[in-house]
Amino acid sequence: MAAIGVHLGCTSACVAVYKDGRAGVVANDAGDRVTPAVVAYSENEEVVGLAAKQSRIRNISNTVMKVKQILGRSSDDPQVQKYIMESKCLVVEKNGKLRYEIDTGEETKFVNPEDVARLIFSKMKETAHSVLGSDANDVVITVPFDFGEKQKKALGEAAGAAGFTVLRLIHEPSAALLAYGIGQDSPTGKSNILVFKLGGTSLSLSVMEVNSGMYRVLSTNTDDNIGGAHFTAALAQYLASEFQRSFKHDVRGNARAMMKLMNSAEVAKHSLSTLGSANCFLDSLYEGQDFDCNVSRARFELLCSSLFNKCVDAIRGLLDQSGFTSDDINKGVDESGASMFTVLFPSGTPLPARRQHTLQAPGSISSVCLELYESEGENSAKEETKFAQVVLQDLDKKENGLRDILAVLTMKRDGSLHVTCTDQETGKCEVITIEVAS
(Lines give C-alpha, C1' and ligand atoms only; values in the text may rest on other atoms or scores of the structure.)
Protein backbone atom coordinates (compact mmCIF):
# COMPACT_ATOMS: atom_id res chain seq x y z
CA MET A 1 0.00 0.00 0.00
CA ALA A 2 1.32 3.45 -0.95
CA ALA A 3 0.75 6.54 1.19
CA ILE A 4 1.81 10.19 1.12
CA GLY A 5 3.08 12.43 3.91
CA VAL A 6 2.92 16.22 3.62
CA HIS A 7 4.43 18.96 5.75
CA LEU A 8 3.04 22.42 5.03
CA GLY A 9 5.16 25.00 6.81
CA CYS A 10 4.94 28.77 6.95
CA THR A 11 7.68 29.27 4.37
CA SER A 12 8.01 25.92 2.62
CA ALA A 13 6.39 22.53 2.08
CA CYS A 14 7.64 19.04 1.34
CA VAL A 15 6.16 15.66 0.49
CA ALA A 16 7.30 12.13 1.25
CA VAL A 17 5.97 8.84 -0.09
CA TYR A 18 5.79 5.43 1.56
CA LYS A 19 6.09 2.54 -0.85
CA ASP A 20 7.35 -1.04 -0.63
CA GLY A 21 8.15 -0.64 3.06
CA ARG A 22 10.33 2.45 2.58
CA ALA A 23 9.72 6.19 2.94
CA GLY A 24 11.51 8.98 1.11
CA VAL A 25 11.16 12.70 0.42
CA VAL A 26 10.30 13.42 -3.23
CA ALA A 27 11.96 16.16 -5.30
CA ASN A 28 9.66 18.55 -7.16
CA ASP A 29 9.83 19.42 -10.87
CA ALA A 30 12.71 21.82 -10.15
CA GLY A 31 14.74 19.04 -8.52
CA ASP A 32 14.30 20.47 -5.01
CA ARG A 33 13.02 18.47 -2.07
CA VAL A 34 11.57 21.59 -0.49
CA THR A 35 8.97 23.76 -2.26
CA PRO A 36 8.36 27.39 -1.22
CA ALA A 37 4.86 27.68 0.28
CA VAL A 38 4.19 30.72 -1.91
CA VAL A 39 1.32 31.38 -4.33
CA ALA A 40 1.37 34.20 -6.88
CA TYR A 41 -1.74 35.38 -8.72
CA SER A 42 -1.90 37.01 -12.13
CA GLU A 43 -4.69 37.71 -14.59
CA ASN A 44 -4.71 34.23 -16.10
CA GLU A 45 -2.92 31.87 -13.74
CA GLU A 46 -1.98 30.84 -10.22
CA VAL A 47 1.69 29.98 -9.74
CA VAL A 48 2.91 27.87 -6.81
CA GLY A 49 6.40 27.34 -5.45
CA LEU A 50 9.77 28.62 -6.59
CA ALA A 51 8.47 30.53 -9.62
CA ALA A 52 5.99 32.37 -7.38
CA LYS A 53 8.72 33.22 -4.90
CA GLN A 54 11.09 34.47 -7.59
CA SER A 55 8.41 36.72 -9.11
CA ARG A 56 7.52 38.43 -5.84
CA ILE A 57 9.75 41.43 -6.55
CA ARG A 58 7.54 42.54 -9.44
CA ASN A 59 4.26 41.06 -8.15
CA ILE A 60 4.54 41.42 -4.40
CA SER A 61 1.01 42.73 -3.77
CA ASN A 62 -0.52 39.63 -5.41
CA THR A 63 1.86 37.09 -3.85
CA VAL A 64 0.67 35.17 -0.78
CA MET A 65 3.28 33.96 1.70
CA LYS A 66 3.10 32.31 5.14
CA VAL A 67 -0.58 31.40 4.72
CA LYS A 68 -0.25 28.85 7.54
CA GLN A 69 -0.01 31.71 10.01
CA ILE A 70 -3.65 32.75 9.47
CA LEU A 71 -5.20 29.47 8.34
CA GLY A 72 -8.17 28.68 10.60
CA ARG A 73 -7.66 31.80 12.72
CA SER A 74 -9.98 34.76 13.31
CA SER A 75 -9.24 38.44 12.84
CA ASP A 76 -9.09 39.12 16.60
CA ASP A 77 -6.16 36.74 17.05
CA PRO A 78 -3.00 38.74 17.93
CA GLN A 79 -0.93 36.56 15.59
CA VAL A 80 -3.31 37.33 12.73
CA GLN A 81 -3.22 41.05 13.45
CA LYS A 82 0.58 40.95 13.33
CA TYR A 83 0.45 38.97 10.09
CA ILE A 84 -1.95 41.45 8.46
CA MET A 85 0.35 44.35 9.34
CA GLU A 86 3.38 42.62 7.82
CA SER A 87 1.76 41.06 4.75
CA LYS A 88 2.52 42.73 1.43
CA CYS A 89 -0.63 41.14 0.02
CA LEU A 90 -3.66 42.97 1.42
CA VAL A 91 -5.76 40.96 3.90
CA VAL A 92 -9.36 42.10 4.53
CA GLU A 93 -12.38 40.74 6.35
CA LYS A 94 -15.48 40.01 4.26
CA ASN A 95 -18.63 38.41 5.66
CA GLY A 96 -16.80 37.62 8.87
CA LYS A 97 -13.98 35.75 7.13
CA LEU A 98 -10.44 36.72 6.21
CA ARG A 99 -9.65 37.13 2.53
CA TYR A 100 -6.65 38.10 0.42
CA GLU A 101 -7.45 41.00 -1.89
CA ILE A 102 -5.95 40.20 -5.28
CA ASP A 103 -5.81 42.88 -7.99
CA THR A 104 -4.74 41.38 -11.32
CA GLY A 105 -5.47 44.54 -13.31
CA GLU A 106 -8.66 43.31 -14.94
CA GLU A 107 -10.59 42.70 -11.72
CA THR A 108 -10.27 42.48 -7.96
CA LYS A 109 -10.97 39.12 -6.42
CA PHE A 110 -10.97 37.87 -2.87
CA VAL A 111 -9.25 34.59 -2.02
CA ASN A 112 -9.61 32.78 1.28
CA PRO A 113 -6.58 31.20 3.01
CA GLU A 114 -7.98 27.69 2.54
CA ASP A 115 -7.86 28.13 -1.26
CA VAL A 116 -4.22 29.20 -1.03
CA ALA A 117 -3.41 26.12 1.06
CA ARG A 118 -5.34 23.95 -1.42
CA LEU A 119 -3.07 25.09 -4.25
CA ILE A 120 0.03 24.22 -2.22
CA PHE A 121 -1.40 20.79 -1.36
CA SER A 122 -2.19 20.28 -5.05
CA LYS A 123 1.46 20.98 -5.86
CA MET A 124 2.51 18.42 -3.25
CA LYS A 125 0.09 15.85 -4.66
CA GLU A 126 1.43 16.43 -8.16
CA THR A 127 4.97 15.89 -6.87
CA ALA A 128 4.00 12.66 -5.10
CA HIS A 129 2.16 11.36 -8.15
CA SER A 130 5.33 11.74 -10.22
CA VAL A 131 6.64 8.78 -8.20
CA LEU A 132 3.54 6.85 -7.14
CA GLY A 133 1.03 7.40 -9.92
CA SER A 134 -2.31 9.19 -9.83
CA ASP A 135 -4.20 6.52 -7.87
CA ALA A 136 -2.39 7.24 -4.58
CA ASN A 137 -4.24 9.91 -2.60
CA ASP A 138 -4.11 8.77 1.03
CA VAL A 139 -2.17 11.33 3.07
CA VAL A 140 -0.83 11.93 6.56
CA ILE A 141 -0.26 15.61 7.40
CA THR A 142 2.01 17.05 10.10
CA VAL A 143 0.75 19.92 12.26
CA PRO A 144 2.38 22.02 14.99
CA PHE A 145 1.69 20.82 18.51
CA ASP A 146 -0.04 24.10 19.38
CA PHE A 147 -2.45 23.99 16.42
CA GLY A 148 -6.07 24.42 17.58
CA GLU A 149 -9.04 22.43 16.34
CA LYS A 150 -10.13 25.14 13.89
CA GLN A 151 -6.65 25.28 12.39
CA LYS A 152 -6.51 21.50 12.04
CA LYS A 153 -9.96 21.49 10.44
CA ALA A 154 -8.98 24.20 7.94
CA LEU A 155 -5.78 22.37 7.04
CA GLY A 156 -7.62 19.08 6.57
CA GLU A 157 -10.31 20.70 4.43
CA ALA A 158 -7.69 22.34 2.22
CA ALA A 159 -6.02 18.96 1.69
CA GLY A 160 -9.37 17.37 0.93
CA ALA A 161 -10.17 20.08 -1.61
CA ALA A 162 -6.85 19.25 -3.32
CA GLY A 163 -8.03 15.66 -3.78
CA PHE A 164 -6.30 14.06 -0.81
CA THR A 165 -7.94 11.54 1.50
CA VAL A 166 -6.66 12.56 4.93
CA LEU A 167 -5.82 9.51 7.03
CA ARG A 168 -4.47 11.37 10.02
CA LEU A 169 -3.05 14.64 11.31
CA ILE A 170 0.07 14.02 13.39
CA HIS A 171 1.96 16.46 15.61
CA GLU A 172 5.33 17.50 14.20
CA PRO A 173 7.42 16.37 17.24
CA SER A 174 5.85 12.90 17.09
CA ALA A 175 6.44 12.76 13.35
CA ALA A 176 10.12 13.51 13.94
CA LEU A 177 10.45 10.63 16.42
CA LEU A 178 8.68 8.25 14.06
CA ALA A 179 10.95 9.33 11.21
CA TYR A 180 14.00 8.27 13.20
CA GLY A 181 12.37 5.13 14.54
CA ILE A 182 12.76 6.26 18.14
CA GLY A 183 10.76 4.05 20.49
CA GLN A 184 9.57 1.78 17.67
CA ASP A 185 12.47 -0.61 17.08
CA SER A 186 13.05 -1.20 20.81
CA PRO A 187 9.66 -0.59 22.47
CA THR A 188 10.71 -1.30 26.07
CA GLY A 189 12.22 1.24 28.44
CA LYS A 190 11.69 4.95 29.05
CA SER A 191 13.71 7.85 27.66
CA ASN A 192 13.47 11.63 27.35
CA ILE A 193 13.89 13.19 23.89
CA LEU A 194 14.44 16.83 22.98
CA VAL A 195 12.98 17.75 19.57
CA PHE A 196 14.46 20.90 18.03
CA LYS A 197 13.01 22.56 14.94
CA LEU A 198 14.30 25.85 13.56
CA GLY A 199 11.73 26.63 10.88
CA GLY A 200 11.36 29.52 8.48
CA THR A 201 9.51 31.77 10.91
CA SER A 202 9.83 30.22 14.37
CA LEU A 203 11.77 27.97 16.71
CA SER A 204 9.81 25.05 18.13
CA LEU A 205 11.08 22.92 21.01
CA SER A 206 9.54 19.90 22.70
CA VAL A 207 10.62 17.54 25.44
CA MET A 208 8.97 14.16 24.92
CA GLU A 209 8.88 10.99 26.96
CA VAL A 210 9.12 7.71 25.05
CA ASN A 211 7.90 4.77 27.09
CA SER A 212 7.21 1.30 25.66
CA GLY A 213 6.60 2.69 22.19
CA MET A 214 4.27 5.45 23.42
CA TYR A 215 4.98 9.20 23.06
CA ARG A 216 4.05 11.82 25.64
CA VAL A 217 4.78 15.54 25.41
CA LEU A 218 6.23 16.77 28.70
CA SER A 219 6.87 20.38 27.70
CA THR A 220 6.81 22.48 24.56
CA ASN A 221 7.51 26.05 23.50
CA THR A 222 7.49 28.08 20.26
CA ASP A 223 9.39 31.33 19.78
CA ASP A 224 8.17 33.41 16.83
CA ASN A 225 11.16 35.75 17.12
CA ILE A 226 13.69 33.18 15.88
CA GLY A 227 13.49 31.57 12.45
CA GLY A 228 15.27 31.16 9.16
CA ALA A 229 13.80 34.44 7.92
CA HIS A 230 15.54 36.28 10.77
CA PHE A 231 18.91 34.86 9.72
CA THR A 232 18.21 35.95 6.13
CA ALA A 233 17.21 39.44 7.29
CA ALA A 234 20.42 39.80 9.31
CA LEU A 235 22.48 39.03 6.21
CA ALA A 236 20.36 41.35 4.04
CA GLN A 237 20.92 44.22 6.47
CA TYR A 238 24.66 43.60 6.29
CA LEU A 239 24.54 43.68 2.47
CA ALA A 240 22.61 46.97 2.63
CA SER A 241 25.28 48.47 4.91
CA GLU A 242 28.02 47.28 2.53
CA PHE A 243 26.21 48.87 -0.41
CA GLN A 244 25.91 52.12 1.54
CA ARG A 245 29.60 52.00 2.45
CA SER A 246 30.60 51.52 -1.20
CA PHE A 247 28.10 53.78 -2.97
CA LYS A 248 26.88 56.22 -0.27
CA HIS A 249 23.24 55.23 -0.77
CA ASP A 250 21.05 53.80 2.02
CA VAL A 251 18.57 51.41 0.38
CA ARG A 252 16.94 50.22 3.61
CA GLY A 253 13.88 52.37 2.90
CA ASN A 254 13.51 51.08 -0.66
CA ALA A 255 11.19 48.06 -0.60
CA ARG A 256 12.19 46.79 -4.04
CA ALA A 257 15.91 46.99 -3.34
CA MET A 258 15.53 45.29 0.03
CA MET A 259 13.48 42.49 -1.53
CA LYS A 260 16.34 41.93 -3.99
CA LEU A 261 18.78 41.84 -1.11
CA MET A 262 16.59 39.38 0.79
CA ASN A 263 16.48 37.07 -2.23
CA SER A 264 20.25 37.24 -2.64
CA ALA A 265 20.80 36.77 1.10
CA GLU A 266 18.63 33.67 1.15
CA VAL A 267 20.58 32.05 -1.68
CA ALA A 268 23.87 32.96 0.03
CA LYS A 269 22.63 31.59 3.35
CA HIS A 270 21.98 28.17 1.82
CA SER A 271 25.36 28.22 0.06
CA LEU A 272 27.12 29.00 3.34
CA SER A 273 25.75 25.81 4.88
CA THR A 274 28.25 23.88 2.72
CA LEU A 275 30.79 26.46 1.52
CA GLY A 276 33.26 28.76 3.24
CA SER A 277 32.03 31.81 1.34
CA ALA A 278 29.25 32.95 -0.98
CA ASN A 279 29.11 35.66 -3.60
CA CYS A 280 26.12 38.02 -3.79
CA PHE A 281 25.72 39.81 -7.12
CA LEU A 282 22.72 42.01 -7.90
CA ASP A 283 22.21 43.63 -11.26
CA SER A 284 21.01 47.24 -10.99
CA LEU A 285 20.24 47.14 -7.28
CA TYR A 286 19.65 50.89 -6.95
CA GLU A 287 19.69 53.70 -9.53
CA GLY A 288 21.31 51.41 -12.09
CA GLN A 289 24.19 50.52 -9.82
CA ASP A 290 25.30 46.86 -9.76
CA PHE A 291 26.36 45.37 -6.45
CA ASP A 292 28.85 42.57 -5.87
CA CYS A 293 29.76 41.36 -2.38
CA ASN A 294 31.48 38.24 -1.05
CA VAL A 295 30.39 36.95 2.37
CA SER A 296 32.39 34.42 4.40
CA ARG A 297 30.82 31.85 6.66
CA ALA A 298 32.68 33.39 9.59
CA ARG A 299 31.12 36.77 8.82
CA PHE A 300 27.66 35.22 8.56
CA GLU A 301 28.06 33.43 11.88
CA LEU A 302 29.17 36.67 13.50
CA LEU A 303 26.16 38.54 12.08
CA CYS A 304 23.83 35.87 13.44
CA SER A 305 25.59 35.22 16.75
CA SER A 306 22.77 36.77 18.78
CA LEU A 307 20.24 34.52 17.02
CA PHE A 308 22.35 31.43 17.70
CA ASN A 309 22.55 32.45 21.35
CA LYS A 310 18.76 32.86 21.47
CA CYS A 311 18.38 29.29 20.20
CA VAL A 312 20.67 27.96 22.89
CA ASP A 313 18.92 30.02 25.57
CA ALA A 314 15.55 28.70 24.38
CA ILE A 315 16.75 25.10 24.81
CA ARG A 316 18.04 25.83 28.29
CA GLY A 317 14.78 27.60 29.16
CA LEU A 318 12.66 24.65 28.06
CA LEU A 319 14.79 22.23 30.06
CA ASP A 320 14.41 24.44 33.14
CA GLN A 321 10.67 24.60 32.51
CA SER A 322 10.60 20.79 32.38
CA GLY A 323 12.69 20.45 35.53
CA PHE A 324 15.46 18.76 33.52
CA THR A 325 19.15 19.24 32.89
CA SER A 326 20.98 18.19 29.75
CA ASP A 327 22.00 14.99 31.56
CA ASP A 328 18.32 13.99 31.74
CA ILE A 329 17.97 14.06 27.94
CA ASN A 330 18.78 10.70 26.39
CA LYS A 331 18.65 11.89 22.81
CA GLY A 332 18.10 14.99 20.71
CA VAL A 333 16.31 15.08 17.38
CA ASP A 334 17.20 18.00 15.13
CA GLU A 335 14.43 18.41 12.55
CA SER A 336 16.10 21.39 10.89
CA GLY A 337 19.76 20.44 10.49
CA ALA A 338 20.94 23.27 12.76
CA SER A 339 24.05 22.87 14.92
CA MET A 340 23.10 24.36 18.29
CA PHE A 341 22.74 20.90 19.86
CA THR A 342 26.50 20.54 20.14
CA VAL A 343 26.54 23.33 22.72
CA LEU A 344 24.30 21.50 25.18
CA PHE A 345 24.85 17.91 24.10
CA PRO A 346 28.53 17.03 23.63
CA SER A 347 29.80 14.15 21.53
CA GLY A 348 28.94 11.53 24.15
CA THR A 349 25.31 11.53 23.06
CA PRO A 350 24.50 10.29 19.53
CA LEU A 351 22.04 12.64 17.87
CA PRO A 352 19.83 11.18 15.17
CA ALA A 353 19.98 13.81 12.46
CA ARG A 354 19.67 14.18 8.71
CA ARG A 355 21.35 16.80 6.56
CA GLN A 356 21.36 17.27 2.84
CA HIS A 357 23.50 19.48 0.64
CA THR A 358 23.31 20.19 -3.08
CA LEU A 359 26.79 20.41 -4.54
CA GLN A 360 27.78 21.46 -8.04
CA ALA A 361 30.39 19.83 -10.26
CA PRO A 362 31.48 20.57 -13.85
CA GLY A 363 29.31 18.78 -16.39
CA SER A 364 32.41 17.83 -18.38
CA ILE A 365 33.67 15.28 -15.84
CA SER A 366 32.47 11.68 -15.64
CA SER A 367 33.09 11.02 -11.93
CA VAL A 368 32.64 12.90 -8.66
CA CYS A 369 34.37 12.13 -5.36
CA LEU A 370 32.77 13.32 -2.11
CA GLU A 371 35.31 13.27 0.71
CA LEU A 372 34.31 13.29 4.38
CA TYR A 373 36.49 14.82 7.08
CA GLU A 374 36.36 14.98 10.86
CA SER A 375 38.00 17.81 12.77
CA GLU A 376 39.55 18.19 16.20
CA GLY A 377 40.56 21.34 18.03
CA GLU A 378 39.49 24.91 17.35
CA ASN A 379 40.45 27.75 15.01
CA SER A 380 44.15 27.66 13.99
CA ALA A 381 44.76 24.49 16.02
CA LYS A 382 42.01 22.58 14.21
CA GLU A 383 43.13 19.35 12.56
CA GLU A 384 41.06 17.69 9.84
CA THR A 385 41.31 14.00 9.01
CA LYS A 386 39.69 12.30 6.04
CA PHE A 387 37.73 9.25 7.18
CA ALA A 388 35.65 8.22 4.15
CA GLN A 389 34.76 9.01 0.57
CA VAL A 390 31.92 8.34 -1.88
CA VAL A 391 32.73 8.06 -5.59
CA LEU A 392 30.02 8.58 -8.20
CA GLN A 393 31.29 7.13 -11.49
CA ASP A 394 30.28 6.70 -15.15
CA LEU A 395 28.37 9.97 -15.36
CA ASP A 396 27.24 11.22 -18.74
CA LYS A 397 29.38 14.16 -19.79
CA LYS A 398 27.81 17.49 -20.75
CA GLU A 399 29.52 20.03 -22.98
CA ASN A 400 28.28 23.01 -21.00
CA GLY A 401 27.00 23.84 -17.57
CA LEU A 402 27.15 22.25 -14.14
CA ARG A 403 25.63 19.12 -12.68
CA ASP A 404 23.86 19.08 -9.31
CA ILE A 405 24.93 16.38 -6.86
CA LEU A 406 22.69 15.75 -3.82
CA ALA A 407 24.59 14.54 -0.77
CA VAL A 408 22.45 13.22 2.09
CA LEU A 409 24.08 12.40 5.44
CA THR A 410 21.98 10.55 8.02
CA MET A 411 23.23 9.87 11.54
CA LYS A 412 21.56 6.70 12.81
CA ARG A 413 20.57 6.04 16.39
CA ASP A 414 23.50 3.62 16.81
CA GLY A 415 25.95 6.37 15.84
CA SER A 416 26.64 5.07 12.32
CA LEU A 417 26.66 7.52 9.41
CA HIS A 418 24.70 6.72 6.23
CA VAL A 419 25.85 8.74 3.19
CA THR A 420 24.03 8.91 -0.16
CA CYS A 421 25.44 10.71 -3.20
CA THR A 422 23.03 11.20 -6.15
CA ASP A 423 23.32 12.82 -9.58
CA GLN A 424 20.11 14.87 -9.70
CA GLU A 425 19.77 14.68 -13.49
CA THR A 426 20.17 10.94 -14.04
CA GLY A 427 19.37 9.56 -10.59
CA LYS A 428 22.66 7.60 -10.49
CA CYS A 429 23.43 6.93 -6.84
CA GLU A 430 26.18 5.61 -4.57
CA VAL A 431 25.69 4.75 -0.89
CA ILE A 432 28.10 4.02 1.97
CA THR A 433 27.65 3.42 5.70
CA ILE A 434 30.34 4.32 8.21
CA GLU A 435 29.90 2.16 11.29
CA VAL A 436 30.46 3.52 14.78
CA ALA A 437 33.87 2.63 16.21
CA SER A 438 33.67 -0.06 18.87
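**Exercise 1.** With which residue does lysine 386 form a salt bridge, and how far apart are the closest N and O atoms?

*Solution.* The model is a predicted one. Step 1: the partner of lysine 386 is glutamate 371, and the closest N and O atoms are 3.2 Å apart. Step 2: lysine 386 belongs to strand S21 (residues 383-392) and glutamate 371 to strand S20 (residues 368-376), so the pair, 15 residues apart, links distant parts of the chain.

**Exercise 2.** Determine whether glutamate 172 and lysine 68 are buried or exposed, and state which elements their salt bridge ties together.

*Solution.* Step 1: in this salt bridge the closest N and O atoms of glutamate 172 and lysine 68 are 3.3 Å apart. Step 2: glutamate 172 lies in helix H5 (residues 172-179) and lysine 68 in the loop between S7 and helix H2 (78-86), so the bridge ties together parts that are 104 residues apart in sequence. Step 3: a residue is buried under 20% relative accessible area. Glutamate 172 has a relative accessible area of 6% and is therefore buried; lysine 68, with a value of 6%, is buried too.

**Exercise 3.** Describe the salt bridge between glutamate 266 and arginine 56 and the network to which these residues belong.

*Solution.* Step 1: the N to O distance between the two side chains is 4.0 Å. The cut-off for a salt bridge is within 4 Å. Step 2: glutamate 266 is part of helix H7 (residues 255-271), whereas arginine 56 sits in the loop between helix H1 (50-54) and strand S7 (63-65), so the pair ties together parts that are 210 residues apart in sequence. Step 3: both glutamate 266 and arginine 56 are buried. Step 4: a network of salt bridges links Lys53, Arg56 and Glu266. In total, the count comes to 16 salt bridges.

**Exercise 4.** Check the span of helix H3 (residues 113-132) and examine both of its ends.

*Solution.* Step 1: the expected span is 1.5 Å times one less than the number of residues. For the 20 residues of helix H3 this gives 28 Å, which agrees with the 28 Å between its end C-alpha atoms. Step 3: just after H3, glycine 133 has a positive phi of about 100 degrees.

**Exercise 5.** How many bridges join strand S16 (residues 277-286) to strand S17 (residues 289-296)?

*Solution.* Step 1: the two strands run antiparallel and are joined by 7 bridges. Step 2: phenylalanine 281 has aspartate 292, in S17, as its bridge partner. Step 3: the hairpin has 2 residues between the strands, and glutamate 287 takes a positive phi near 50 degrees there.

Conventions: Residues are numbered from 1 along each chain as its sequence is written. This is a predicted model: local features need pLDDT of at least 70, side-chain atom pairs count only at pLDDT 80 or more; totals for chains, interfaces and linings use all residues. Side-chain values use heavy atoms; hydrogens and water are left out. Helices (H or I, at least four residues) and strands (E, at least two) are DSSP runs, numbered from the N terminus. Buried means under 20% relative accessible area, exposed over 50%, partly exposed in between (1.4 Å probe, protein chains only). A polar contact is a pair of N or O atoms within 3.5 Å; within protein, one must be able to donate a hydrogen and the other to accept it, and residues adjacent in sequence count only if both atoms are side-chain atoms. Two strands pair if DSSP finds at least two bridges between them.
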